[in-house]
Amino acid sequence: MELAPIFTWLYNRLLTVGLGLELTDIISLAALAVIVFGFLSVMALFLVWWERKFAGHIQQRFGPMMTGWHGVLQTIADAVKLIQKEDIVPAAADRKVFFWAPVIVFVCSFAAYVVIPFGNGLIVSDLNIGILYVIAITTFTIISLLMAGWASNNKYALLGGMRSAAQAVSYEVPMVLAVLGVVLVTGSMSMNDIVKGQSAWGGFHWNIVFQPLGFLIYIIAATAESNRTPFDIPEAEQELVAGYNVEYSGMKFAMFFLAEFVNMFTLSAVATTLFLGGWNGPLLPSWVWFLIKTLGMVLVFMMFRWTYPRLRVDQLMEFAWKALVPLAFVNLIYVGIMARWVNW
Amino acid sequence: MGQLVRQFVAGIYNLVVGLLTTGKHLGRHAVTIQYPKERWTMPERSRGMVVLLTDEESGLLNCTACLLCMRACPSGAIEIETAEDEKGKRVRYPKGFTLNYHICCFCGLCEESCTFAAIKLTPKYEFPEWDSQKLIWDRDKLQEMGRDVKYESRERKKGPDERIEAAALADGRPVPPEILERKAAEEKAKAEAKAKAAEKAKAEAQAKKEEASGTSEATGSKAESPEKKVDDSKEDTPS
């Protein structure tokens with residue numbers, strides 16, 4: 001069952017009720033914001049639980065089991081606990097920056113969903129620079145991580161923030177170059193156009209088939225972007241206690257935590273949209289296909305996390321600049337040639 | 001260039017092998033259990049709670065207060081209080097037996113050293129307390145916790161009477177009169193038997209003396225009689 005017609009119907013109902021066009025737009029956009037926000041919050045809570053269960057089962061444990069069926073309510077209980085906690089600000093902290101860092105990371109990670117196509121027609125706003133917008137807004141989180149690290153006035157936090165910024169800036173380059181391949185083939189930066197460009201072959205004309213290298217580079221760079229193991233030196237527990245969020249507690253910590261998982265979901269969603277055909281697929285409704293593919297990507301990220309050991313800082317930088325960037329250029333040249341002469 | 005490509009391929013292969021390994025573990029059943037809901041059945045000989053064992057027949061401890069376990073204990077967790085009877089002899093029953101679980105290291109040396117199957121490490125492991133002073137267990141508590149423990153009891157040379165008497169003496173209770181009576185009767189019988197044996201030996205010696213007439217035999221009979229006396233005294237002491 002497609003969801004887009006329902007939203008259209010609701011919008012038209014609002015129009016016919018007699019509210020003005022402006023008011024209807026404001027109401028519908030606010031409602032959309034609430035829906036997306038709610039969906040993402042639930043999704044983040046679900047992902048935290050899923051990751052813990054997954055980690056448990058990989059290590060042949062159970063993971064959370066006590067709260068609800070197989071511990072599904074565990075993250076909700078954790079969130080409630082975090083809300084109740086005292087909001088501690090270190091005495092030497094830069095209070096303003098300390099306060100705004102989690103807010104910015106939270107807002108930025110959620111703002112990316114303006115252009116994510118959840119299904120056929122299920123997109124908040126189909127910007128013509130969609131993918132550029134996503135890259136820009138997700139990069140913004142790095143600033144907030146740096147803010148958090150700096151404002152905490154803690155050596156571990158600062159080191160974590162610095163590492164995070166250095167890593168993200170480095171991996172941004174191969175990631176954008178990998179995305180560029182897709183844009184080159186599609187001829188548009190709009191997320192909807194990119195998805196529609198992969199709708200041939202009964203919805204299986206995926207970009208991954210033609211640009212496997214680009215997909216690989218994107219996956220690696222995305223893992224680094226989201227600060228997940230093998231690239232989790234910004235929060236390497238053994239070296240940095242917890243990285244940029246050492247000094248955070250209570251609700252602010254919860255915001256960082258949820259933003260991390262929302263970011264992971266964003267990167268999976270973008271990977272789905274760019275390389276795995278987005279919401280294209282037979283039989284099932286488009287949004288179900290989108291969810292299946294995105295959660296599959298999340299699973300891959302989780303699998304990475306619980307399989308691979310952490311890279312050293314110098315290895316990390318070397319890998320980005322000496323391996324990924326040249327490979328991304330090779331991929332770009334390859335895609336350019338193929339798009340020009342073979343015409344997929 | 002060729003080496004680079006080979007390295008690249010090998011790297012990808014290794015990454016895939018890693019993923020397959022974790023994938024394999026993902027499909028396996030968990031090795032942990034949900035502890036408060038489920039519990040392990042501990043192995044029969046695992047070393048957990050230390051208890052004192054009770055003789056089923058008399059309902060008394062097997063312990064004879066020999067202090068071997070106390071000496072064997074490397075952390076000094078066992079403390080045994082002994083009692084003395086009116087003759088100043090140590091009673092073969094512990095007056096007090098204290099086991100300090102703060103310092104007990106569950107090494108099992110007390111069980112190893114015990115020659116009477118009196119102390120045992122059981123597979124029980126759940127005995128935490130809110131009050132740390134409650135972890136110092138006295139004799140009754142140790143006995144209580146050991147009541148349901150199965151063990152192979154040792155064969156006893158003597159009946160339960162001796163144990164009951166020792167226990168009564170250790171606790172300062174009056175010894176049950178029927179036991180004293182029985183003991184007295186036994187001692188009387190013993191004395192009679194002893195007297196009889198002595199008489200018999202005397203008669204035998206006399207016969208021998210009469211049989212062999214000579215100077216050399218006189219020394220032999222002299223040497224025989226003290227030997228017999230030593231034997232008798234050995235029989236007297238309860239072992």
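## Two interfaces in a predicted model

The area buried between domain 1 and domain 2 of chain A is about 2500 Å², and carbon and sulfur atoms give 83% of it. On the domain 1 side, A:L40, A:E51 and A:L82 lose the most area to domain 2, together 23% of what that side buries. The model is a predicted one.

**Inside chain A**

Domain 1 of chain A covers residues 1-84, and domain 2 covers 88-342. Their centres, taken over C-alpha atoms, lie 20 Å apart. The contact brings 25 residues of domain 1 together with 30 residues of domain 2.

Polar links also cross this interface. Two salt bridges are found between the domains. Three residue pairs are in polar contact, both partners at pLDDT 80 or more.

**Between the chains**

How much area do chain B and chain A bury between them? The figure is about 1400 Å², with 69% of it on carbon and sulfur atoms. Three residues of chain B stand out here: B:L19, B:L26 and B:Q34 supply 34% of the area that chain B buries against chain A, more than any other three residues. The side of chain B that touches chain A is made up of nine nonpolar, seven polar and two charged residues. In the contact, chain B contributes 18 residues and chain A contributes 15.

No salt bridges are counted between chain B and chain A. Polar contacts do occur: four residue pairs, with both residues at pLDDT 80 or more.

The table sets out the two interfaces.

| Interface | Buried area | Share on carbon and sulfur |
|---|---|---|
| Domain 1 and domain 2 of chain A | about 2500 Å² | 83% |
| Chain B and chain A | about 1400 Å² | 69% |

**Cysteines**

How many disulfides are there over all chains? The count is zero. Take B:C105. The closest cysteine sulfur to its own belongs to B:C107, at 3.9 Å.

Is B:C105 buried, partly exposed or exposed? B:C105 is partly exposed, with a relative accessible area of 45%. A:C108, by contrast, is buried, at a relative accessible area of 6%.

Conventions:
Residues are numbered from 1 along each chain as its sequence is written. Chains are lettered from A and ligands numbered from 1 in the order in which they are written. This is a predicted model: local features need pLDDT of at least 70, side-chain atom pairs count only at pLDDT 80 or more; totals for chains, interfaces and linings use all residues. Side-chain values use heavy atoms; hydrogens and water are left out. Contact means heavy atoms within 4.5 Å. Buried area is the accessible area (1.4 Å probe) that two parts lose on being put together, summed over both. A salt bridge is a side-chain nitrogen of Lys or Arg within 4 Å of a carboxyl oxygen of Asp or Glu. A polar contact is a pair of N or O atoms within 3.5 Å; within protein, one must be able to donate a hydrogen and the other to accept it, and residues adjacent in sequence count only if both atoms are side-chain atoms. Ala, Val, Leu, Ile, Met, Phe, Trp, Tyr, Cys and Pro count as nonpolar, Asp, Glu, Lys and Arg as charged, and the others, Gly among them, as polar. A disulfide is a pair of cysteine sulfur atoms within 2.5 Å. Buried means under 20% relative accessible area, exposed over 50%, partly exposed in between (1.4 Å probe, protein chains only). Domain bounds come from an automatic or database domain assignment.
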